[in-house]
Amino acid sequence: MNRKRKEHRIVGIIKGRIIPILGALIVFFVSMSVLYYGDNVGLSDNGDFRRVLLTNNIDYADSTDHYYLFKQDYVMDLKGADNVFKAMYEAWQSNEEEEIYSSPHFLIIKLSKELNVIANAVTGRELTDYNIAYMAVLYIFMLSIAAWVIFTFFDDAKIRVQISVFLLFIFMFCDAGYLLYFNSFYGEPLQYTALMMLVAFGMLIYKRPTVPKAIGFFISLYFFAGAKLANIPYSLIVATLAILIVIMRKDALFKLGVIASALVCIISIAGLYSSIPDWMNKDTTYQAVFFGIAKESDDPAADLRELGVDEKYAVLANTNAYMEKDEYPIDISSEEFERDFYDVVSKTDIAGFYLRHPIRLLNELCKAIENSAYIRPPAVGNSQTVPMELTDKRSEWSHMRTALKFLYEPWVILAAFICITAYMIFMNIFYIHNHKIESPERKYMICALDILILGLWINLALPILCNGEADLAKHMFLFTNCIDILFFVCLISIVTAPFRRLVGAVTALAVFTGLFYIRLPRSTIEFGRLNGEPIVWQIAERYNDGTMLLVSRDCVGVMPFDESSNDWESSDIREWLNGGFLDEFTAAERSRIMHVRNEVVLPYSIRDRAVAGDHSHYWNFTRESVADLSKTAYHYYPEDDVFLPTLDMMEDIDVPESYWILCPYTGNDYMQRFMNSDGFILHTDVRNEKGVRAVIRCTQE
């Protein structure tokens, strides 16, 4: 009997302590391998690094193309420190000349600076060298802690449940889409790891509440709130869980520990809010109005009047806060604009406007959901050598979630949210109507679910309310993370269900996903030849004059756009399409091909060639909105016999593979946009190879 008890005890120790620790170690090493096995990968700067680097006395070791290339190495300004101890002191200092706001993000950066100083001293490198990998290791450690806590929560579950949790955690949350953020100065990696720890400690509190777990919960909440200052309002709501945690045990010491840690957390979060700099609030308010409410509005002047703003500023509709100065029709830095706009409009006014216009709010929420398809922002690169080259290292979940289109399909997400919200309202009414809930754990669970559902709605709406459509894909990171957590829970429940239910759920999921890929076949014709084979064309449009717009069904080649420039008129790809590509066409076939005058946007650098337009074409990667504001962007009208798919074709054209489109990335003169195989429009260096789908307009025989 004693032997059996001893064996059970050993098995219990292995399941309860050793397996979670081993799981966390595997998470650590898998994460390290994603970032550093083979080519090192991370995320490039999109302009957000500047304030973080300046505040923390860091600069690029090489600033060449830092907006589009991942940079591993930086230099620290240690004020001439000539020994390790002085260097460690200086590494902890902030730049007092900058307008500093409080953020635990800076604590992680400063700690990584200290690690760099120590490593430099040991290896004999310059004390000022800064390798971003030391910060990434800190984030990986935090993610591993969250994994350990989550695995510990399932320590008494069946072994198949434990294995399912472990494998799904590795598959989903150790995906490169999340981990690439770790090699960057964005606030998202701290937000991600803090959220995972917050969820993990919340689970353990439900199972066995203790003071250390409560402290871990509120420390995680503080880091989550400070990672992105937009998280502060929701974090204060989450802090109310302290009321439920307190009643889960009767001993006074536990209650005192929970109350004390909650109060310290709330006070600290309030301090974060008070430190938000004025410029940050101004920029986000500007974008929420002029690149949100007034963007493509039927009557921007009326919108401004409703907000209490002089309608003369309607000329600023469709502009954002980060344009070149000469692109604004008026001076937005003047005292008059400060008085007439910034002193008048608040985030509360913006929220009130959308509540009075629910249809417009719904449209904006749909755009936000569509922009949540990618985990990592598709606007930044992660190669150290080729601008805007995207890695496929451990990106299986990233690819799968874009393939599972319902995860970012507006009607699916909104319908699911409405159903979940209705269910929680019913549950709350039921328990209130049936008197008190006896179990404190039950109260905690219901309240936690209420806060979770509220958080889903807040995280969906907040990017629109606080920043409009500017940089929307990046601002949807938290929402994407929350959706993935919910999907993770659903998958666990499916995997652990009885076999019949498992088969039924998997079949239903496959059928539901397949519905999004149903497309009516397009009419095709054969016209011309290439490499001795007939070219098959899809009929994109039939015109009243009897002509047809044709797009090649498949790519007719794979090639760079050009060797150096995204100027369509001088590009290598245009020369080939209108030259060598037509070599095998007969004279009769060539005579049927019409000259087509296309509207093509221009990069900012050659805007002087524009026939019309007064701003750069704003970047957007969804097919539905890629052409937004293109009619008022800098553009001209080149004529071609053969050309690439245009912006107005994006919504209708199918996506067999990645191919160039007739639209430059207007932020520079060496990147071109392309349709990715997943159906989103990205951009990359013109020297990278992509498919070529030819487009012609021709007469019928």
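User: At what angle do helix α8 and helix α9 pack, and how far apart are their axes?

Analyst: Start with the general idea. Two packed helices are described by the angle between their axes and the distance between the axes. Now this case, which is a predicted model. Helix α8 covers residues 188–207, and helix α9 covers residues 211–227. They pack at about 155°, with axes 8 Å apart. Angles over 145 degrees count as roughly antiparallel, so α8 and α9 are roughly antiparallel to each other.

User: In which hand does α8 pass α9?

Analyst: The crossing is left-handed.

User: Which residues make the contact?

Analyst: From α8, they include L190, L198 and F201. From α9, they include K213, F217 and F224. G202 of α8 and G216 of α9 also take part.

User: How do the residues of this contact divide into nonpolar, polar and charged?

Analyst: There are 14 nonpolar, four polar and one charged.

User: Next, cysteines. How many disulfides does the structure hold?

Analyst: A disulfide is a covalent bond between the sulfur atoms of two cysteines. This structure holds zero. Take C447: the nearest cysteine sulfur belongs to C265, 15 Å away. For C482, the nearest cysteine sulfur is that of C490, 14 Å away. A disulfide needs the two sulfur atoms within 2.5 Å.

User: Is C482 buried or exposed? And what about C447?

Analyst: C482 is buried, with a relative accessible area of 11%. C447 is buried too, at 19%. The cut-off for buried is under 20%.

Terms used: Residues numbered from 1 in each chain as written. Predicted model: local features only at pLDDT ≥ 70, side-chain atom pairs only at ≥ 80, totals over all residues. Heavy atoms only, no water. Axes fitted to C-alpha atoms, helices over the stretch in contact; angles between N-to-C directions. Helix = DSSP H or I, 4+ residues; strand = E, 2+ residues; numbered from the N terminus. Parallel < 35°, antiparallel > 145°, perpendicular 65-115°, else oblique. Left-handed = near helix turned anticlockwise from the far one by under 90°. Contact = heavy atoms within 4.5 Å. Nonpolar A, V, L, I, M, F, W, Y, C, P; charged D, E, K, R; others polar. Buried < 20%, exposed > 50% of the residue type's maximum accessible area, 1.4 Å probe, protein only.
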